[in-house]
Amino acid sequence: MTELPDGTVTLLFSDIEGSTVLLKRLGDGWPGVLERQRALLREAIDAGGGVVVDCQGDAMFAAFRSAPAAVSAAVRAQTHMAREAWPDGTAVRVRMALHTGEPHRTEDGGYTGIDVVRAARLCAAGHGGQVLLTEAARLVSGAETIDLGPAILPDMEHPEPIFQLAAPGLATSFPPLRTNAASPLEAMGEGKDDLERRIDRAGETLERRINERVADVLERALDAPFGKPGGKQKP
């Protein structure tokens with residue numbers, strides 16, 4: 001693998017919009033679609049001098065020494081995927097995000113730190129076919145963008161300006177940002193593995209429902225009139 005860039009780096013995150021629906025619809029055809037999508041992304045990343053840091057499921061994480069090159073790679077990937085003749089008339093739409101920062105290198109050949117989290121959270125906020133940029137990525141790249149206004153991304157403390165990449169071949173109209181969506185980091189196993197995380201969520205949900213049910217039963221028992229079924233009995 002090509003050595004990861006150090007210092008100021010532009011990070012790119014991507015994932016497929018509605019991948020579970022596509023998987024169910026395509027069945028045995030899904031692996032081929034996934035591989036083709038990955039190939040188109042890798043071609044664009046390689047052309048921009050970028051390096052694929054991680055690839056899990058339908059999510060991909062790449063790094064670039066040059067912010068303008070990262071922008072060009074995103075445009076190339078999106079336009080090529082839009083032109084691709086996907087099987088069964090399927091539309092494979094990929095959301096992307098770019099953030100420029102100084103992430104910390106890890107011993108196992110990756111990155112960590114708030115810059116990685118910010119880029120992943122921004123990707124999750126987007127829609128298929130959309131490329132989002134932080135203000136840092138916009139300023140360093142000099143890209144033409146559409147100002148989407150401030151937004152608070154998950155796990156970020158304050159609102160920050162969000163921009164949408166504007167370039168020939170890219171769509172311009174999208175729904176509002178999805179600021180509560182799960183990020184690609186979850187698919188890549190950041191922190192707890194996916195199974196353990198799902199078990200934790202299921203446990204928390206079950207506990208909450210039990211507490212709500214108990215509270216509801218007690219409230220109805222206390223409010224029921226004397227002498228009626230389920231109510232307080234006269235001595």
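Predicted model: local features only at pLDDT ≥ 70, side-chain atom pairs only at ≥ 80, totals over all residues.
**View 1. Thr10 of strand E1 and its partner in strand E3.** Thr10 has Phe64 as its bridge partner in E3. Strand E3, which spans residues 59–64, is joined to E1 by five bridges, and these two strands likewise run antiparallel.

**View 2. The two faces of strand E1.** In a regular strand the side chains alternate between the two faces of the sheet. One side of E1 carries Val9, Leu11, Phe13 and Asp15, while the other carries Thr10, Leu12, Ser14 and Ile16, and both of these faces are covered, with every one of the named residues buried. Strand E1, residues 9–16, is accordingly described as mostly covered, since eight of its eight residues are buried, each having under 20% relative accessible area.

View 3. The protein chain contains seven helices and nine strands, and 43% of its 235 residues count as buried. Of the contacts between residues at least 6 apart in sequence, 67% join residues at least 24 apart. The accessible surface of the protein chain comes to about 12800 Å², and carbon and sulfur atoms account for 52% of that surface.

Note on methods:
Residues numbered from 1 in each chain as written. Heavy atoms only, no water. Buried < 20%, exposed > 50% of the residue type's maximum accessible area, 1.4 Å probe, protein only. Helix = DSSP H or I, 4+ residues; strand = E, 2+ residues; numbered from the N terminus. Pairing = 2+ DSSP bridges. Contact = heavy atoms within 4.5 Å. Areas by Shrake-Rupley, 256 points an atom, 1.4 Å probe, with all protein chains shown as cover.
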